[in-house]
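The entries follow the order in which I looked things up.

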Amino acid sequence: MERSKLMELALEARQMAYTPYSHFKVGAALLGKNGVVYKGCNIENASYTPTNCAERTAFFKAVSEGQYEFEAIAIVGGAEDAKNLSVCSPCGVCRQVMMEFCDPDTFEVVLGTSPEDYQVYTLKELLPLGFGPANLGK
Ligand code: THU
């Protein structure tokens, strides 16, 4: 699937963000190796810590449906009243979740502001020397 299409789906996912506290809306579109796209948004909570990022929502949806192998994720985010989005880089916790399921050398993280404006990084670029299943012999 074209990375620009994945960006479009991430923008779609962002519309569902539940953000009554930060008003910062994030959307993610995770492409499984099965060709299915799992969309996710951030979901906040009055108690703050249970908040789930868009990226993890997408991963947990996929894994809960039996998909464990992934090719790429597109991520978009910004304040709900922002006229233009700026690049939203995934938090450390989400990078670690990616590390659990993705090959750091080949998994693509697509960051940008529109289907025409994005950059592609490998997970290894965003999480050098990451600790993953291989460190436990898995
Ligand atoms: N957030 C994400 O969903 N993904 C990121 O990569 C960064 C942060 C969310 C969490 C919280 O709902 C809001 O953005 C502000 O931190």
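How far is an oxygen atom of the ligand from an N or O atom in the side chain of Glu44? I read 2.5 Å.

Ground rules next. This is a predicted model, where local features need pLDDT of at least 70, side-chain atom pairs count only at pLDDT 80 or more, and totals for chains, interfaces and linings use all residues. Residues are numbered from 1 along each chain as its sequence is written, and side-chain values use heavy atoms, with hydrogens and water left out.

I then checked the cover: the ligand taken alone exposes 370 Å², and the protein buries 79% of that (Shrake-Rupley method, 1.4 Å probe).

Ser22, Phe24, Val26, Asn42, Glu44, Thr51, Cys53, Ala54, Glu55, Ser89, Pro90 and Cys91 surround the ligand. By class I noted six nonpolar, four polar and two charged residues. Here Ala, Val, Leu, Ile, Met, Phe, Trp, Tyr, Cys and Pro count as nonpolar, Asp, Glu, Lys and Arg as charged, and the others, Gly among them, as polar. β1 (24-32) and α2 (54-64) each supply at least two shell residues. Helices (H or I, at least four residues) and strands (E, at least two) are DSSP runs, numbered from the N terminus.

**Aromatic pairs**

I found five aromatic pairs in the structure. Rings of Phe, Tyr and Trp (its six-membered ring) pair if their centres lie within 6.5 Å; planes under 30 degrees apart are stacked, over 60 edge-to-face, the rest tilted. Phe59 and Phe101 have ring centres 6.3 Å apart and planes at 25 degrees, so I logged the pair as stacked. Phe59 lies in α2 and Phe101 in α3 (residues 92-101), so the pair ties together parts 42 residues apart in sequence.

Phe59 is buried at 0% relative accessibility, and Phe101 is partly exposed at 25% (buried is under 20%, exposed over 50%, partly exposed in between; 1.4 Å probe, protein chains only).

Phe101 also pairs edge-to-face with Phe70, at 6.4 Å centre to centre and 85 degrees between planes. Phe70 lies in strand β3 (residues 70-79) and Phe101 in helix α3, so this pair ties together parts 31 residues apart in sequence. I marked Phe70 as buried, at 4%. Last entry: Phe59, Phe70, Phe101 and Phe107 form one aromatic cluster.

How values were computed. A residue is near a molecule or strand if one of its heavy atoms lies within 4 Å of it. A polar contact is a pair of N or O atoms within 3.5 Å; within protein, one must be able to donate a hydrogen and the other to accept it, and residues adjacent in sequence count only if both atoms are side-chain atoms.
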